[in-house]
Amino acid sequence: MSERRVAILFGGVVVALLALLTVQEPQRAGDLALWVEGPVKQFVAAVGETVDRVRRGRAARAELERENVELRGRLREIEAAYAASVGARLESDLVSKQLRYEPPEDADLLLADVVYVDHHSLNRRTAILRLPAGARREDWSRRPVTTAEGLLGRVVSSGAGYARVLLVTDRDSSVGAMVERTRRQGIVRGVDPAALSLMFLPLQVDVQRGDRVITAGIDGFFPRGIPIGTITSVESGGDLFHAIRVVPSVDLGSLSHAYIWRRDPVPEVYMDGGDGVGR
Amino acid sequence: MASAGRFAGALAAVALVEVLLGEVLPAAANVVELFVLLVILTSLRGNSLHGLTGGLAAGLVQDTLTASLFGLHSLACCVVGYAVARASQRILTNQRMVAGLLIAVGVMVHQVLVIGLLTVLDIADVDPDVLVVLSRALLTSAAGLAYLWLAGRLREWAVRRRTLAARRVRSK
């Protein structure tokens, strides 16, 4: 018999004798089997986990590559739009220069603490701001007041270091507004403590739920483009106009600071018709 | 066939001696590993198949005579017989020192295997004593060397006697 066959026979005899021994001690054999089985199972689980991780990584990479391509496309679109806007701005500046038109100045804001808020009252919904030390002697009446979220209202009186703000939700407040998507203009008035009404938008005008409403800059107080709120419902309120309900952008229940705009309003003499025009 | 018969006879003799020693002097029966010695001496002169079958047969007989788990000594003797046979094919085992060294190593391997299997299978509380293992290996090796010396002397005596007989026949 060749040495190779004897070696195979030797291996078989050893295995058979080991089996004979473990059969006589089944409990211990089970323990030994577990001792061997545990690491094997751990190894198999680790291999499976690694394969799964690699597969998930490849899927994520493919997704990222796809997203990257999409983002590159969007970036190109944005770059093109930006280039177009820069061109338009240059052209606008050129035309403005020739027409001697002065564009509105950049906003100059004064930060003030909100020390009193009454946005639930039926009579008058106001807030009181405490002015900074260097700004207490100025007259802040008729100045717009905003927060980081949008329009809060306008100052109706100031003095002794404080300013009273008529909130945009007050029944006496009216703001020249427009639908941002269509640029259609109307008037926003306070309805109840948590809602506004956009008025005087004819029934044939396109207006949808979810449209943003911003200031139109046509009321002599507020600059153009400040967010007022979002349209939550559009109904046919009467024969001619929509009944549009708007939720304010500013959360009046969490006020802490506000910005007063250092912006001169249109002189009252023009607003009241004191210059004789129209009389 | 003749070698198998001689091995069977030697195995029977070793079994008888082990049984007698176990009855009369139990302490002495554990001093020298006669079964392992038989397996190693058989493997020194035979091939690996002889070592394997000799070890298996001797181990089975030892398992039958002892009260331990059946197959324990068979496995140990089988491994020792095969390993010694493979080793004897690669080194010269005619020198008595080499043979003695192989016997000592074989006995130690046998002891390690038996103690290891007993521990792994949790059959008995084994407290292995290195000195006991070493002394058993040395004594078994000494017994093996004594046997080899005696066998050599007997072989020489037989050869001399045969030579003398042949001269007498020639002178007549």
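Two strands are taken as paired if DSSP finds at least two bridges between them. In the predicted model described here, strand 1 (residues 109-118) of chain A meets this criterion with strand 12 (residues 257-261) of chain A, to which five bridges join it. The two strands run antiparallel. Within this pair, A:L109 stands opposite A:W261 of strand 12. Strand 1 of chain A also pairs with strand 2 (residues 126-130) of chain A. This pairing is again in the antiparallel sense and extends over five bridges. Here A:Y116 faces A:I128 of strand 2.

Chain A comprises three helices and 12 strands. Of its 279 residues, 22% count as buried. Among contacts in chain A with a separation of 6 or more, 54% come from residues 24 or more positions apart.

Six strands of chain A form a closed barrel, in the order 6-7-8-11-10-9. Their pairing is antiparallel. From one strand to the next, the twist averages 45°.

Strand 6 (174-179) and strand 7 (185-192) of chain A pair in the antiparallel sense over five bridges. A:M178 has A:Q185 of strand 7 as its bridge partner. Strand 10 (residues 227-236) and strand 11 (residues 242-248) of chain A are joined by seven bridges and run antiparallel. A:G229 lies opposite A:P248 in strand 11.

Two arginines in loops of chain A have positive phi values. A:R183 lies in the loop between strand 6 and strand 7 of chain A. The hairpin of these strands has five residues between them. Phi of A:R183 is about 65°, although this residue is not a glycine. A:R183 is exposed, because 9 other C-beta atoms lie within 10 Å. A:R142 lies in the loop between strand 2 and strand 3 (144-146) of chain A. Its phi is near 70°, a positive value in a residue other than glycine. A:R142 has 19 C-beta neighbours inside 10 Å and therefore counts as partly exposed. The cut-off for a buried residue is 20 or more.

Chain A meets chain B through its helices. In this interface, 15 residues of chain A are in contact with 18 residues of chain B. Helix 1 (3-24) and helix 2 (26-99) of chain A are the elements that give two or more residues to the chain A side. Helix 1 gives the most, with 11 residues. By residue class, the chain A side divides into 11 nonpolar, one polar and three charged.

The largest nonpolar core has 43 residues. B:L38, B:I40 and B:V80 touch the most other members. Helix 1 of chain A supplies at least two residues of this core, as does each of helix 1 (2-24), helix 3, helix 4 (48-65), helix 5 and helix 6 of chain B. Helix 5 of chain B gives the most, with 11 residues. Beyond residues up to four places away in sequence, B:L38 touches B:A10, B:L11, B:V14 and B:A58. A second, separate core has 38 residues, including A:V175, A:L196, A:I214 and A:L252.

Helix 5 (residues 72-88) of chain B is mostly covered. Of its 17 residues, 15 are buried. From first C-alpha to last, helix 5 of chain B reaches 24 Å, close to the 24 Å expected at 1.5 Å a residue.

Helix 7 (residues 130-171) of chain B has 42 residues. It reaches 61 Å from its first C-alpha to its last, close to an expected 62 Å. Buried in helix 7 of chain B are B:R136, B:A137, B:T140, B:S141 and B:G144. An α-helix has 3.6 residues a turn, so residues three or four places apart point the same way. The cover over the buried residues of helix 7 of chain B includes helix 3 (34-45) and helix 6 (96-120) of chain B.

How values were computed: Residues are numbered from 1 along each chain as its sequence is written. Chains are lettered from A and ligands numbered from 1 in the order in which they are written. This is a predicted model: local features need pLDDT of at least 70, side-chain atom pairs count only at pLDDT 80 or more; totals for chains, interfaces and linings use all residues. Helices (H or I, at least four residues) and strands (E, at least two) are DSSP runs, numbered from the N terminus. Axes are lines fitted to C-alpha atoms, for helices over the stretch in contact, and angles run from 0 to 180 degrees between N-to-C directions. The expected span of a helix is 1.5 Å times one less than its number of residues. A residue is buried if 20 or more other C-beta atoms lie within 10 Å of its own, exposed if 12 or fewer, and partly exposed in between; C-beta atoms are placed from the backbone. Two residues are in contact if their C-beta atoms, placed from the backbone, lie within 7 Å. Ala, Val, Leu, Ile, Met, Phe, Trp, Tyr, Cys and Pro count as nonpolar, Asp, Glu, Lys and Arg as charged, and the others, Gly among them, as polar. A nonpolar core is a set of buried Ala, Val, Leu, Ile, Met, Phe, Trp, Tyr and Cys residues joined through C-beta atoms within 7 Å.
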